[in-house]
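These are my notebook entries on one structure, written down in the order in which I looked things up.

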Amino acid sequence: AKYTYVDKDTCIACGACGATAPDIYDYDDEGLAEVIFDGDGNRGIKVIPEDLYDDMQDATDGCPTDSIKIADTPFN
Ligand code: F3S
């Protein structure tokens, strides 16, 4: 399984990830990205379905600050 979350300490609110993977990433009131998939709340605990892997990888590759983290185990 794959999990993802956004490190808001390094996100610069560039806005790329939500455009690339709108089912996974959205923005908070400050424009910082967060994982919204399945009510994750940017905890990195919800299993991302395989059909979203390509979008998730593209978002990670496209983040200018490497703020999008992906792992095989939950982050929390
Ligand atoms: Fe932030 Fe990177 Fe997305 S800078 S808005 S996490 S593409």
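Before I sort any lining into classes, I write down the rule: Ala, Val, Leu, Ile, Met, Phe, Trp, Tyr, Cys and Pro count as nonpolar, Asp, Glu, Lys and Arg as charged, and the others, Gly among them, as polar. I also note at the start that the model is predicted.

**Entry 1: the cavity**

I looked for cavities of 30 Å³ or more, and the count comes to 1. For the largest cavity I noted a volume of about 80 Å³. It is lined by 15 residues, and those closest to its centre are Cys-11, Cys-14, Cys-17, Ala-33 and Cys-63. When I sorted the lining of the largest cavity by class, I found 11 nonpolar residues, 4 polar ones and no charged ones.

**Entry 2: the ligand**

Where does the ligand sit? I found the ligand in the largest cavity. I then listed its surroundings, which come to 14 residues, with Cys-11, Ile-12, Gly-15, Cys-17 and Cys-63 as the closest. By class, the shell around the ligand holds 11 nonpolar and 3 polar residues, and I found no charged residue in it.

Cys-63 belongs to the loop between H2 and S4, and with a relative accessible area of 12% it is buried. I also noted how Cys-63 stands to Cys-11: 52 residues separate the two in sequence, while their C-alpha atoms are 8.5 Å apart in space.

**Entry 3: an aromatic pair**

Next I searched for aromatic rings whose centres lie within 6.5 Å of each other, and the count comes to 1 aromatic pair. The partners are Tyr-5 and Phe-75, with ring centres 4.7 Å apart and planes at 55°. Why is the pair called tilted? Planes under 30 degrees apart count as stacked and those over 60 as edge-to-face, with the rest as tilted, so the 55° between Tyr-5 and Phe-75 makes this pair tilted.

I then placed both partners along the chain: Tyr-5 is in strand S1, residues 3-6, and Phe-75 is in the segment after strand S4, residues 68-71, so the pair ties together parts that are 70 residues apart in sequence. As for accessibility, Tyr-5 has a relative accessible area of 24% and is partly exposed, and Phe-75, at 30% relative accessibility, is partly exposed as well.

**Entry 4: two positive phi angles**

I wrote down as background that most residues other than glycine have a negative phi. With that in mind I looked at Asp-38, a residue other than glycine with a positive phi near 55°. Asp-38 lies in the loop between strand S3, residues 33-35, and helix H2, residues 53-62.

My other case is Asn-42, which is not a glycine but has a positive phi of about 60°. Asn-42 is also in the loop between S3 and H2. Is Asn-42 buried or exposed? I found a relative accessible area of 15% for Asn-42, and buried means under 20%, so Asn-42 counts as buried.

**Entry 5: further distances along the chain**

- Val-6 lies in strand S1 and is buried, with a relative accessible area of 2%; Val-6 and Tyr-25 are 19 residues apart in sequence and 8.6 Å apart in space, C-alpha to C-alpha.
- Ala-59 has its place in helix H2 and counts as buried at 2% relative accessibility; between Ala-59 and Gly-44, which are 15 residues apart along the chain, the C-alpha atoms are separated by 15 Å.
- Asp-72 is in the segment after S4 and is exposed, with a relative accessible area of 52%; Asp-72 and Val-47 are 25 residues apart along the chain, and their C-alpha atoms are separated by 9.4 Å.

Note on methods
Residues are numbered from 1 along each chain as its sequence is written. This is a predicted model: local features need pLDDT of at least 70, side-chain atom pairs count only at pLDDT 80 or more; totals for chains, interfaces and linings use all residues. Side-chain values use heavy atoms; hydrogens and water are left out. Rings of Phe, Tyr and Trp (its six-membered ring) pair if their centres lie within 6.5 Å; planes under 30 degrees apart count as stacked, over 60 as edge-to-face and the rest as tilted. Helices (H or I, at least four residues) and strands (E, at least two) are DSSP runs, numbered from the N terminus. Buried means under 20% relative accessible area, exposed over 50%, partly exposed in between (1.4 Å probe, protein chains only). A residue is near a molecule or strand if one of its heavy atoms lies within 4 Å of it. On a 1 Å grid over the protein atoms alone, a cavity is a set of points where a 1.4 Å probe fits but cannot get out, and a pocket is an open set with protein on both sides within 12 Å along at least five of seven lines; lining residues have an atom within 4 Å of a point. A molecule sits in a cavity or pocket if more than half of its atoms lie within 2 Å of its grid points. Grid points are joined across faces, edges and corners, and a volume is the space filled by probe spheres set on the points.
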